[in-house]
Amino acid sequence: MIRRLFCYTLIAGVLSVPCAHGQDAQAVIKTAEYALGMIRGPQRIDAVNTLEYWGTGSTYAFGQAYHPGSAWPEFKATYHASLSYGVPGMRVDVTRSNPDGPIQGGGGLPLAAPQRQIQVVSGRFAWNEPVPGAGFIAGSTAVPTPDAVNDRLLQLWMTPFGVLKMAAKAGAAAKVTTEAGATVITFPLSGAFEGISLKATLNAKNQVERVEARTNDPVLGDMFTETTYSDYKDLSEITTDVPFPSHIVQKQGGFPVLDLTITKADTNNPYVVFPVPDNVEKAPPSGVKVETQKVSDGVWYLTGGTHHSVAVEFKDYAVLVECPLNDDRALAVIDAVKKTIPNKPIRYVVNTHHHFDHLGGLRACAAEGATILTATGNKPYYEELWGRLPHTMKPDRLAKTPKKPVIEAVADKRVLSDGTQTLELYHLQGTSHADTMLIGYLPKAKVLIEADVYNPAPPNAPAGPVVKENVNLYEQIKRLNLDVQQITPLHGRLVTIADLKKAIGQN
Amino acid sequence: MKRAIGFLLGLAGLLTVGIPASAHHSVQAEFDLNKPLTITGVVTKVEWINPHSYLYLEVKDDSGNVKHWAFEMAGPGALRRAGLSRADRGGLKAGDTITVNAVAAKDGTDAGLIKDVTLPDGRKFTIWTSDPYAK
Amino acid sequence: MKRQNFGYLLLGVALCLAPARAMAQANHGTPRTADGHPDLHGLWIARAGANFVQSDDPLAQNLASRDGTLLNFERDNAMIRRSDPNKPLYKPEFWEKIQKLDQNGNSEDPSFGCMPAGVPRMGPPAKIVQTPTELVFLYVSGGAQGWGDTYRVIPTDGREHTPLDDLDGTWKGESIGRWEGDTLVIDSIGFNDTSWLDITGYFHSENMHVIERMHRDGDTLTWQATVEDPDVLIRPWTMNPRALKLNPDPKAWLMETLPCVEHDLSHLVTKEHH
């Protein structure tokens, strides 16, 4: 009798304990908000609106590794961010300088001098500014960057306080689970971020220790951004009981893009504002524009954006040098080639190197059916990326109409020639930008095609310090004995060999 | 969005409907709420001022050394609500020996924030802090 | 005021403030003066409903705070006040200055040093006396509204402003009032540059121009101020409106406020303030 009573009691006791997946997600979110000092006042409202913090460490240039598959190249950085969850807005003010040790890779390396970049998002507007508040300071201008709005806002919502605010906002759509003993909150975003979910992991103190997001990248497809927050401390001069992570690490595509030690934070709702400059408000939405400029017989320079291409006409086919950025740009460029060189298929597409801004449209060119010519080191890299990584969040042309890409490796030299036209491709030596760099030479037109190693300044710009990459390019031209008259740089403008000589101080 | 509106409404309730609460330095900028002290001394002066009134005590230690203590306390309205009659308040008069329970000043000076006072006849009164909503 | 009446008053305030319909009352119920304007005469009180948690801590008695502790009251209040999304847009060259003034408010805020709050920080008055040619605003109570008892006289006799160059620059400036329909519009110029607009380091220039609007609906008086100061602001700033209720007790007293003397600054060890 007693034993039965005991076992009934035991069963009842076990049944009355709430099971893990019956947990109320909003209650867990509230606990996490309390742990971060967000819930204040007798009304227990979320009182965190603005924040400001300063740190030092490293930033890394995403997609700009020296060697395909290596980590993103590092810059030393001092970092200052101010944000408002209410606006919503964020201003990230970073000064980068060259890393210690060997300088290899893209992203601007090596910098001639420490470089300051201020990136702002405010509501549905984004811009860069040379100094904080530039749009409202006489003599200073903000540069609209409409394409960056979502990425920058996402950074805001991936902060520990931001992710909890968004999780609370998700209401019943937020779910709580346990992974490896840790509490995990997953929830979908909405509006402009529809389709993106965030995942926040809490540490033993219920502080946000990791935030993961999956977004679309033209090269990597469904890409993970993972930010870890650790070592929470009160970093404010005026105590607010709001702990702040003193170590922040963000990874994208598996390698760090940010590694900071936060030295100071103002968590007492500091005065930070994000007024939108007039020219930013009135800026037209970015669209893809391709401008075609004939350089010589059968050679066209395709510009109109930030990354240029070159179209070359052969007897029975066309060759496109560079399919950059993303599907939109690539398809517009392919279109322009077809209009400029009608009735000839694009048989070959040359990819100059593996940096993501130059690689981003190559999948569209592969979908077009063109054979890809790229440096030897890239062939296994592209085949592995394109074979393994799904593009489900924003399927591009290749994902929608799958084709097995044909990639031919270029070791030191490859010549395309049909008697009417010749294009020579060389693996560029001596560059520290990328170890898979190809340059092109058209002997008939005496035109050199290059990416990133010589970006001419605007005409009439004052002379700057001599750039090592420019010197190396000139030396390689001499070494390969190329008779160059014009250069079609894939950044900048059409120039002559005399311009290159002037740039390196040789007149 | 709903949550943001809720937050803003809650905030609006705090900010728009009433006068802003008393703005002044925080008590914690000056006093250590976790460091209680008890002092018995003779009242020398009472200052009825804002933002807080002051009670000054002269304290003699065993060797006969005299120290001058200054205590922050609430205004006469708060004393009245604590139960001190008009006579008693006027009776915090110079010459009376009273005992004060307070929290100590952070800068180590002979100062404190009063929690309660015990009058010469033994009656003890808990003094409320300055209430931003009190009249 | 009798304790009992005070209690009913709080109840009335609590009941009236919650639903929006009280505010949406039409003009019937608003008394008028002989010249047809709304009569703003009366004792006006502003009091937010408070969530009191009974606390054992005598230092936190009667403070609306999370868990009833003084520590929470002060730290939470400091954060909550600054979380107000309605911020004036200063020119970028002043952003750091605002932050420095805010952080060092204990020594920088004139109000903390017993100086007047000035216009518009002092807000709406506790009592209004209205005549055909002027309104007299009487202010009491301490804190950010200014210490001690003060007043403003708002002429409504149609006079013009003194030329700005002939004004000395004071805490309250020179105010003139006029009626726009049923709204009292108060136009003020001639300020010093010492007062702040709020606790958060919001300084201004001597060229500030303040427009206040007051409107009575039944027993509710709303006040709102707009600050124009092109020397320091990117655009004019409209402050949060405040709503006051008429004190229904015709025998209510206007309480005197104790004068302010600054004794604490030399003993402050941190920068916390709220």
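Visitor: Why is Arg44(A) called partly exposed?

Guide: In this predicted model, Arg44(A) has 17 C-beta neighbours inside 10 Å. Buried would take 20 or more, and exposed 12 or fewer; the count of 17 falls in between, so Arg44(A) is partly exposed.

Visitor: And where is Arg44(A) found?

Guide: Look in the loop between β1 (39-40) and β2 (45-46) of chain A. Arg44(A) is not a glycine, yet its phi is positive, about 50 degrees. Most residues other than glycine have a negative phi.

Visitor: What makes Asn343(A) exposed?

Guide: Asn343(A) has 7 other C-beta atoms within 10 Å. The label exposed applies at 12 or fewer, so with 7 Asn343(A) qualifies. Asn343(A) sits in the loop between α6 (327-340) and β20 (346-350) of chain A. This residue, Asn343(A), also has a positive phi, about 65 degrees, without being a glycine.

Visitor: Now to the peptide bonds. Which kind of bond joins Leu109(A) and Pro110(A), cis or trans?

Guide: That one is cis, with omega about -15 degrees. You will find Pro110(A) in the loop between β5 (89-97) and β6 (115-122) of chain A. Most peptide bonds are trans.

Visitor: What is omega for the bond from Asn50(B) to Pro51(B)?

Guide: Omega is near -10 degrees there, and the bond is cis. Pro51(B) belongs to the loop between β1 (31-47) and β2 (53-60) of chain B.

How values were computed: Residues numbered from 1 in each chain as written. Chains lettered and ligands numbered in written order. Predicted model: local features only at pLDDT ≥ 70, side-chain atom pairs only at ≥ 80, totals over all residues. Helix = DSSP H or I, 4+ residues; strand = E, 2+ residues; numbered from the N terminus.
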